[in-house]
Amino acid sequence: MLPAVVLLSGCGLDTTSGESTTAAQSQGANEPTVEIAGAAMKGVIQQGLVTAHRLISDKDGIYVPQRQAAKPVLTADDGSYTWQLRGKADGWALVELQANDNTRMICDVVPKCDQKDAEPVAFGQPMALDRDFILRGAGDLRMETVNLTPLTHLAVTLAERSVNGLSPEDLSGSYQTVEGWFGLSAGSLRLTPPDLTRLDGADDVSADALHVAITNAAFLALVNNNPKWGTISDVLNNIASQVGETGQISLTGDDTNVALTDLIAAAAIQASELQATVDSSIFSERLKEVEDRNVQRFETLAGVYGDSDTNNDTTADTTNENNDTTENATGTDGDSTGDTVVDSDTDSGTGTETGNETSEPPVTEPTPEATIPADAALLSWTAPLTRENGDSLAMGEIAGFEVVYGTSAETLDQSLAIGDASVDELLVDELTQGTWYFAIRTLDTDGNRSRLSEVVHKQI
């Protein structure tokens with residue numbers, strides 16, 4: 001957490017005042033301002049100290065927070081905050097929350113939240129946070145909404161590794177990277193997570209927003225019955241340290257570090273436990289969907305990487321110059337594998353992609369229509385022969401494939417893992433009526449994941 005400590009040391013936080021303010025100090029009467037709003041959610045964080053800073057580039061093009069002598073605002077009982085930042089509504093801002101003795105967090109773990117040297121706190125009840133607890137997030141001022149969660153905190157920490165500092169491009173890429181780590185739909189970190197303790201009284205909440213909230217809850221769930229972690233700060237600081245030092249989260253963990261699979265497994269359990277706390281059948285169904293997403297994500301990571309070298313069992317994303325997402329592991333020179341996919345029973349034709357290659361690979365002959373159930377799509381593909389940087393790729397270096405699909409080309413929120421490089425066909429069945437979209441990526445034995453292939457579709 002060294003980057004976070006250094007960053008916060010110059011914030012000028014006034015933690016002695018109990019008063020809340022919603023405007024930056026020393027504003028000129030005619031100076032334009034932009035209002036930033038959002039929520040601090042890990043469950044709901046009340047009376048947290050929030051500061052906002054515009055991100056500006058220096059003469060070398062490195063983005064850093066513009067410091068201002070301003071009192072922090074306090075988050076409300078629902079975790080929300082507002083901040084008025086001097087200047088026009090352009091560029092990006094960094095928002096930071098720090099806890100003090102008055103800060104409280106609502107326990108969002110079923111059935112309770114364990115605390116070091118204190119009695120457990122029941123689900124839905126407030127609990128104290130230590131002064132080490134920090135959350136950060138960043139956003140485009142034109143959007144005017146910046147939420148603060150453990151996941152946004154990791155995204156900011158990852159972006160800090162860039163040579164350009166906290167540039168808009170690196171922050172956007174880091175947000176996408178963190179979404180990819182946890183199997184979240186694109187753009188999910190911009191959603192305001194709901195209060196998991198008050199779902200029955202909430203307005204309509206999407207499965208994506210629930211997925212984010214439950215993933216955040218998993219950080220605190222790891223403290224329960226685990227003597228290694230005394231507080232949520234211990235867990236968050238450990239993961240942020242991993243990200244800050246390596247740009248990755250350990251996939252399987254060790255005696256020292258939190259594992260990505262541990263978090264995803266905890267999220268699946270929480271989604272299951274929460275189903276018993278809600279009266280709404282709609283929320284129950286969406287929680288079941290989130291549970292299934294986490295189970296699938298866990299099986300994908302554990303199944304595909306389970307037999308690979310544990311020294312390389314880490315995963316991280318970087319963004320290439322075309323803004324396509326590529327996931328890399330330590331010691332790979334930034335390479336990732338290319339892949340192809342076709343839906344052999346679709347009128348849309350063949351969709352293919354081989355990383356940075358331009359030639360079209362051979363495609364498996366379509367299976368006759370009569371052999372495919374009405375509620376299914378048969379996918380086939382050709383394994384790539386090269387990596388995205390042009391290096392050759394042997395079959396023995398391919399661990400398997402991951403097929404992702406959904407009812408929107410932008411939201412491929414379901415996935416199936418294939419842990420056999422020789423497999424080149426998959427039947428996806430039990431599809432509901434409508435148009436379904438599919439893509440595939442290749443996974444190698446070092447833990448690298450390619451970009452997604454071109455998206456193909458089928459009407460059911």
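**Notebook: disulfide, salt bridges and one loop aspartate**

I searched the whole structure for disulfides and found one. I keep in mind throughout that this is a predicted model.

**Entry 1, the disulfide.** I looked up the partners and noted cysteine 107 and cysteine 113, whose sulfur atoms lie 2.1 Å apart. I then checked the torsion about the S-S bond of this pair, which is about 90 degrees, so I recorded the disulfide as right-handed. For burial I took the cysteines one at a time: cysteine 107 has 0% relative accessibility and therefore counts as buried, and cysteine 113, with a relative accessible area of 0%, is buried as well.

My search of the whole structure for salt bridges returned 19, and I followed up some of them by residue.

I began with lysine 42, which forms a salt bridge with aspartate 108, the closest N and O atoms being 3.0 Å apart. Is lysine 42 buried or exposed? I found a relative accessibility of 0% for lysine 42, so this residue counts as buried, and for aspartate 108 I found 3%, which also puts that residue in the buried class.

I turned next to lysine 288, which forms a salt bridge with aspartate 292, the closest N and O atoms being 2.7 Å apart. Both residues lie in helix α7 (residues 281-305), and I noted that they are four residues apart, about one turn of the helix. Lysine 288 has a relative accessible area of 36% and is therefore partly exposed, while aspartate 292, at 31% relative accessibility, counts as partly exposed too.

The last pair I looked up was aspartate 444 with arginine 387, a salt bridge in which the closest N and O atoms are 2.8 Å apart. Here again distant parts of the chain are linked, with aspartate 444 in strand β21 (residues 435-444) and arginine 387 in the loop between β17 (377-380) and β18 (398-406), 57 residues apart. I recorded both aspartate 444 and arginine 387 as buried.

I also looked for salt bridges that share partners, and noted that such bridges join Asp208, Glu289, Arg293 and Asp413 into one network.

I located aspartate 195 in the loop between α3 (168-181) and α4 (207-221). Its relative accessibility is 19%, and because buried means under 20%, aspartate 195 counts as buried. What does the side chain of aspartate 195 make a polar contact with? I found the side chain of threonine 197, at 2.6 Å. Leaving aside the neighbours within four places in sequence, I listed Met41 and Val44 as residues in contact with aspartate 195.

I counted seven helices and 22 strands. Of the 460 residues in the protein, 52% are buried. Turning to contacts between residues at least 6 apart in sequence, I noted that 68% join residues at least 24 apart. Finally, I looked up the accessible surface, which comes to about 19400 Å², with 46% of this belonging to carbon and sulfur atoms.

Conventions. Residues are numbered from 1 along each chain as its sequence is written. This is a predicted model: local features need pLDDT of at least 70, side-chain atom pairs count only at pLDDT 80 or more; totals for chains, interfaces and linings use all residues. Side-chain values use heavy atoms; hydrogens and water are left out. A disulfide is a pair of cysteine sulfur atoms within 2.5 Å. Buried means under 20% relative accessible area, exposed over 50%, partly exposed in between (1.4 Å probe, protein chains only). Helices (H or I, at least four residues) and strands (E, at least two) are DSSP runs, numbered from the N terminus. A polar contact is a pair of N or O atoms within 3.5 Å; within protein, one must be able to donate a hydrogen and the other to accept it, and residues adjacent in sequence count only if both atoms are side-chain atoms. Contact means heavy atoms within 4.5 Å. A salt bridge is a side-chain nitrogen of Lys or Arg within 4 Å of a carboxyl oxygen of Asp or Glu. Accessible areas come from the Shrake-Rupley method with a 1.4 Å probe; for residues, only the protein chains shown count as cover.
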